[in-house]
Amino acid sequence: MDLLIASLPLLGGGVWITLQLAVLAAMVATVLGLAIAFAQLFGGLVLRIVAEAYLYIARGVPLLVLLFAMYYALPYAGIMVEPMSGGVLVIGLYFAAFMADVFRGAMLAVAQGQWEAGRAIGLRTPTILVDIVLPQALRVAGPPYVNTLIMLVKGTSLVSVIGLSDVTFVGRQIIERTLAPFEIFGAVAAVYFVICFALSRCGAYLERRASFVH
Amino acid sequence: MSSEITLIGRIAPVLAEGLYMTLELSVLAIVLSALWAIPVVLTLISPRRPLALVARAYIEVVRNTPVLVQMYFIFFGSSILGYRLTGFVAGLIALTLQNGAYIAEIYRAGIQSVSQRQTESGLAIGLTPREAFWVIVFPQALRKVVPSLANQGVVIIKDTSLVATLSVAELTFEARLLVDRTAAVYEIFLTLALLYMVITGVFSGLMRLVERRLRIVQ
Amino acid sequence: MQPPAASAEIEIRNLSKWYGTHQVLKSLSTDVRRSEAVVLIGPSGSGKTTFLRCINLLEQFQEGEIRIGGESMGYQTDATGRRRRRSERDIARLRAKVGMVFQSFNLFPHMTALKNVALGPVRVNGMARREAEELAASLLARVGLADKLDVVPGRLSGGQQQRVAIARALAMSPKAMLFDEVTSALDPELVAEVLDVMGQLREDGMTMVIVTHEMAFARAFANRILFMADGKILEQGPPAELFGDPKTARLQAFLKRFREGHQL
């Protein structure tokens, strides 16, 4: 117990890194995910193929492999990347694929009849999107979006393997010196649990709200 | 040209061993998770409130913490308790606990999607509630959940890469070793990525076949 | 076949449509005169709904011409005789002149009735929001929903939703209105309120093209009935003629099934 208290400052630093990683990567993933979803829905053949290839890779390759690739391969090519920026980029790019699935699914969930009703009164595609379809799609997208965020937060723990001092890395460091795995990793797990559980409550709330649309 | 052949000659056997380990781990984790999820889901939907709550708590804890942390917890925790587990076993247990929870939820969704009327028909012809469940509800639920199970299987295969952090000689671990030794960074990581895509691709393809088979039977 | 009238609101010439190799509309021609109420009847698969949806180009057609108020909808033949699709802006503009009411209402669920109706005038006609909402309020009153202005579709009955849909179409001051099986999705006791509104529109002189399988309504309401089967117009004429003296075997069989109480 004393050990835990003594470790708090270190763990706190790790938590801070984890939070930064999660927030920044989430922003990258959301923006890129939207772009990919739009490419799939409205893009020409080339864009759609590129998007599909991107999704196929992200679905088939483990995040850890991508992080290693970034960590080892980029310096080899002469590109020096800070672990933090690199981590944000790789995690963001990886989860952008899942975000794209969420957004595309939400757009497709809006009934075709909504598009037709908009066209029937003479609206054009941009107006139909902004006024009619997107408001409905966003409501549907809420819960799966939050679920993907939870996966992303858990995914940030992998940066510990490439030496970035997130809370998991700090935990492992402390263990190797002091051998109190239950307390320390228990605390580390608790940190993630608090964040993810809070997110999942948001998701449950959004789920209730989403059902009013239909 | 010959240097490339030597390179392949050095890399291939090592990666092959890693591949074997990854496949072994994946198959075990998938099977064990799918099996472990059965008692979990039965507890989850049990009418006895305290039991259901325990299952719910387990699922929530496991789903809201990273599997990597769970692996460390089990691996390092086991040595303190005196029963030192190998990285392989610790990783396997963590993967099973984590994915068992997700699969239990998948089972639950499948079961609850089978209409109540099915159970009622079963009871009406004289089956006990337990018989009605196993004979009528469970097979139908199973067919409905195959796509979600396929997804979870892919997740499991990818997560086996994490046991590299516990020095288990699977694919990712061996690849990293090779990079240190041969400095053929691009080739190795490219091959690594391709291998994973092939494994997950083949697995997904198999699951689609299973899905089609089940649908024909129905 | 009627000779084309000078003041036909909708003119259709040799309209043909294929799905792949299957021809679903076979060189259809007809005119809809101003203030005429034309009702399309026929067995399922006859193409009547597809025909209707071609008029406001929700379905594309490969051959033929549709003119709305004299203007060609969707396609133009240029100087070299080639058929070209018109700009999206022109198509949208023409669509605004033809109102459509759908079987499944298709109201915008995240907007109140008032906003559903006001959206078109604001976004398409550039009306000021306040003016548009006044217009919307008066239209909703006209269909009997003055007390439901701020209610969302989710809280309205099917009949009420369909009436909002009619008001939404009216808000664009259309030259003609298309009705696609608008009572099929309604509980029987809610059908009357919608048919009443349609009757009012007709009295006010609206040009209407209606697809329905409510035969009693078709008979009472139509100026002219078109009986379609297999993508062709087999018979047309005033209701008394078509129902009282069907000339083709196909129509006779169709009406017989109806009289025997089969739902179509």
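**Exercise 1. Determine how confident the prediction is for chain C, and where its confidence is lowest and highest among the strands named.**

Solution. Step one takes the average: chain C has a mean pLDDT of 90, and 96% of its residues score at least 70. Here pLDDT is the predictor's confidence in each residue, from 0 to 100. The model is predicted, so local features need pLDDT of at least 70 and side-chain atom pairs count only at pLDDT 80 or more, whereas totals for chains, interfaces and linings use all residues. Residues are numbered from 1 along each chain as its sequence is written, and chains are lettered from A, with ligands numbered from 1, in the order in which they are written.

Step two turns to the strands (E, DSSP runs of at least two residues; helices are H or I runs of at least four, and both are numbered from the N terminus). In chain C, confidence is lowest in strand E6 (residues 75-77), with a mean of 85, and highest in strand E10 (residues 207-211), at 96.

Step three examines residues 1-6 of chain C, where pLDDT stays under 50. Where pLDDT is low, the predicted coordinates should not be read in detail.

**Exercise 2. Describe the side of chain A that touches chain B.**

Solution. Begin with the totals: 30 residues of chain A and 29 residues of chain B take part in the contact, two residues being in contact if their C-beta atoms, placed from the backbone, lie within 7 Å. Next, identify the helices: on chain A, H2 (45-60), H3 (63-76), H7 (167-178) and H8 (181-210) each supply at least two residues. The largest share, 10 residues, belongs to H8(A). Finally, sort this side of chain A by residue type: 23 are nonpolar, 4 polar and 3 charged. In this count, Ala, Val, Leu, Ile, Met, Phe, Trp, Tyr, Cys and Pro are nonpolar, Asp, Glu, Lys and Arg are charged, and the others, Gly among them, are polar.

**Exercise 3. State the strand order of the open sheet of 6 strands in chain C, and identify its edges.**

Solution. First, read the order, E8-E9-E10-E3-E11-E12, with mixed pairing; strands pair if DSSP finds at least two bridges between them. Second, find the edges: strand E8 (98-101) and strand E12 (232-237) of chain C each pair on one side only. Third, inspect one pair within the sheet: strands E3 (residues 37-41) and E11 (residues 224-229) of chain C run parallel and are joined by 4 bridges. In E11(C), C:Leu226 is the bridge partner of C:Leu40.
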